[in-house]
There are 2 protein chains.
Amino acid sequence: MSSRPKVVIVGGGFGGLQAATHLKSADVDITLVDRRNFHLFQPLTYQVATGALSPGEVAYPLRAIFKRRRNVEVLMAEVNGFELDSRQVLLESEPPLPYDTLIVGGGSSYSYFGHDDWRQLAPEIKSLESALAMRGRILTAFEHAETEQDADARRALLTFVIVGAGPTGVEMAGQIAELARDTVASDFRKIDPREARVLLVETADRVLTAFPPSLSRRAARSLQRIGVTPLLQHTVVGIDGESVTVSAQDGDSETIPARTVIWAAGVNASPLARQLGELTGAEVDRAGRLTVEPDLTLPGHPEVLALGDMVRVRRENGEVETLPGVAPVAMQQGRYAAKLVRARLDNKTIGPFHYRDKGNLATIGRASAVADLHFLRLSGFLAWITWLTVHLWYLVGFQNRMLVFIRWSISFFTRGRGARLITAQRDA
Amino acid sequence: MSSRPKVVIVGGGFGGLQAATHLKSADVDITLVDRRNFHLFQPLTYQVATGALSPGEVAYPLRAIFKRRRNVEVLMAEVNGFELDSRQVLLESEPPLPYDTLIVGGGSSYSYFGHDDWRQLAPEIKSLESALAMRGRILTAFEHAETEQDADARRALLTFVIVGAGPTGVEMAGQIAELARDTVASDFRKIDPREARVLLVETADRVLTAFPPSLSRRAARSLQRIGVTPLLQHTVVGIDGESVTVSAQDGDSETIPARTVIWAAGVNASPLARQLGELTGAEVDRAGRLTVEPDLTLPGHPEVLALGDMVRVRRENGEVETLPGVAPVAMQQGRYAAKLVRARLDNKTIGPFHYRDKGNLATIGRASAVADLHFLRLSGFLAWITWLTVHLWYLVGFQNRMLVFIRWSISFFTRGRGARLITAQRDA
């Protein structure tokens, strides 16, 4: 065992990965703990859910990433909690893991606003498994519609409701609409998949609220053009497996028969955030996000950092900033964490974390996207090319980049989706 | 509804697919029934089990294959049985399906020789789901070995037993050995994956009994070179999840602690074979295979054909021939079935089915294979190139061919396996 400082990083998402990568040449021993054996490129997971990509194309083994980095050890384990005084990470089935510096990027899941019974009826697509299960559900809905004799039941099978019009909701709605109108349009003999209805329910008065209103409007128009119906200023008040009940702002409610509902709303920070809050007295907001100091550390525990979409950051003026839960924020925080650790090794100090917002991207469908680069607002084909380039660039692993590039090229020209396999249990 | 003759094909494997494809321009309406929505390229499924390929690369949606073939309807449904007198296929949840000609290619599964309790402990890797579950088991064994403190337990975690040295067993053993010795060799910090033991248990006195003895010997030598230990003339007599007990021909038995056991032995024809046997009086052998007439029809039912590894074929001299359960047999039988249906439409007759054995191929590891082309026996690199070419050629879908080619090229040069993701439940 070496006597070098031990850095434990919890979570192999965007933040944890950047922290580990940027501690490359530092004189520390790093242990990266994740319950999964792979890094998931979450911004593209929704494409697995519609059969555009395969799991192996959006995920990459953590051990492969750090193969040649002898100061990084990968540990596949479930983190149960922390003992901050003795500086240990508590694991579910392994002995406690001691650290000198701890970096926690536990991520978040979707919040069902207290309706946890909806989780089964309207699954999210954040993990690889849930995306695969959703792929099975969507494709099976078409299969069942093909053999269904009753017209109303068929209509319910061909109605897809997406809850939440953030980037994931918008991208998912666009993909399902294209799946129905292009990919499987000639696949069936008894139904016309183009009759599928795709409804995008959003409480706000526009889609993509993180974007400027002008781009929201363009995105909404693009969605409508490919067959998505945005239901703005509507809130889901009921889901029962057969239908979805939405309530408009004027109080009117409507029950829509729909067999497939996809959840893409709300944020629920990792339970590790609440635990760290209880241990340190740091503030935790309603979404379970922990408030960290301007340098991402915890109050009274400069050796513990937290980052990504499980935290909010206190500014030096005392204000608490809620940054968007996107990959660039987590990546910049991961790099900052690495920089802080290295500075401390050199007995130096660095300034507080600042997020450099380079812009926002969301794709709506084939050859269509919106891009808010601040100095430039793009929509349509050019925005889509920007989106493609950025996503290919940040995909981990040369192999994944090649494979995704080929899949996308083929899909673009053939409108096909080779990976539309139903592999989960049919009623999963 | 058209009044054209209705051909129902049960099973979207190699036989069913060829039958449907070669009835392309025939004046018939075809319904292809399969419980899955995809055609699986079974000869490569084992590569999914070791993370060399992704599910979407060895499977292709049936509807996509027949998209532009308006006389082919694909039906995703479970076949429960047949009513031969009224000419109907009985489905689990849909109304019966009437036919004029029925072609059944139900395939086979592995036989556990009466030990059905072994199925959970020593899973097979024939389906996409079981291959994915096995991938999870193999990779998790390495993960657990990395954190295991006890040396004996660690050794059991790093011992892999493959039962059956046919092509699948040999290929699987070779892949696991390479996974341990090349792919993940530098991935771990506490264990040396190269210490993994890979045992290949076979009752016969040589591996690959379908090949000439000289090639079996070369295959065994290649296996040993990459770290596989063939246990010939040994039979598995016990599996309990912790260990495997094998018995030598002299009666000596040995218990080997091993946490991962993979089953690749025996044949169990689809239960549809036995059903058709009972309905027609056709002979059914111990492996559940149905004996069909020289033209693949059932005795007394010239309108019903059966093919693939669920049948044996009666020759015109009365002898019953057991053809190998490989893709080329099923494909030739599928083409023959289509030819017979077309001949009948023209009121013509054709001769009996004859299998043209073009040879046998099995790969042993990176750049190594054996090929018995009858006029030529190859081993090593040339055999491997032959193997590559044949498998890429027969993969369905241009996209799959491209993707698999790229995966293999990258794997060849980097010895990596990008798809080694643990996505199944950990203890699945």
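Predicted model: local features only at pLDDT ≥ 70, side-chain atom pairs only at ≥ 80, totals over all residues.
Biologist: Is Phe113(A) buried or exposed, and how many C-beta neighbours does Phe113(A) have inside 10 Å?

Modeller: Start with the count: a residue is buried if 20 or more other C-beta atoms lie within 10 Å of its own, exposed if 12 or fewer, and partly exposed in between, with C-beta atoms placed from the backbone. Phe113(A) counts as exposed because there are 12 C-beta neighbours inside 10 Å. Residues are numbered from 1 along each chain as its sequence is written, while chains are lettered from A and ligands numbered from 1 in the order in which they are written.

Biologist: Where is the place of Phe113(A)?

Modeller: Helices (H or I, at least four residues) and strands (E, at least two) are DSSP runs, numbered from the N terminus. Phe113(A) sits in the loop between strand S10 (108-109) and helix H5 (118-121) of chain A. Its phi is positive, about 50 degrees, although Phe113(A) is not a glycine.

Biologist: Which residue of chain B has a positive phi near 50 degrees?

Modeller: Gln233(B), again a residue other than glycine. Look for Gln233(B) in the loop between strand S13 (228-232) and strand S14 (234-239) of chain B. With 15 C-beta neighbours inside 10 Å, Gln233(B) counts as partly exposed.

Biologist: Now a helix. What does H9 of chain A reach from its first C-alpha to its last?

Modeller: The expected span of a helix is 1.5 Å times one less than its number of residues. H9 (residues 213-225) of chain A has 13 residues and reaches 18 Å, close to the 18 Å expected. Just after H9(A), Gly227(A) takes a positive phi of about 105 degrees.

Biologist: What do the buried residues of H9(A) pack against?

Modeller: Contact here means that the C-beta atoms of two residues, placed from the backbone, lie within 7 Å. Buried residues of H9(A) include Leu215(A), Arg218(A) and Leu223(A). The partners of the buried residues include helix H8 (167-183), strand S12 (197-202) and strand S13 (228-232) of chain A.

Biologist: In what order do the four strands of the open sheet stand?

Modeller: Two strands pair if DSSP finds at least two bridges between them. In chain A the order is S13-S12-S11-S17, with parallel pairing. S13 and strand S17 (260-263) are the edge strands, each pairing on one side only. Four bridges join strand S11 (residues 159-163) to S17(A), and Ile162(A) has Ile262(A) as its bridge partner in S17(A).

Biologist: Which strands does H8(A) lie across?

Modeller: For angles, axes are lines fitted to C-alpha atoms, for helices over the stretch in contact, and angles run from 0 to 180 degrees between N-to-C directions. H8(A) lies across S11, S12, S13 and S17 of chain A, at about 170 degrees to S12(A).

Biologist: By what turn can chain A be laid on chain B?

Modeller: Two copies of a chain are related by a rotation about an axis and a shift along it. Copies are superposed by least squares on the C-alpha atoms of residues with pLDDT of at least 70 in both. Here the turn is 180 degrees, with a shift of 0.0 Å along the axis and an RMSD of 0.0 Å. That is the relation of a two-fold axis. The same surface serves both copies, as 100% of the contact residues of chain A recur in chain B.
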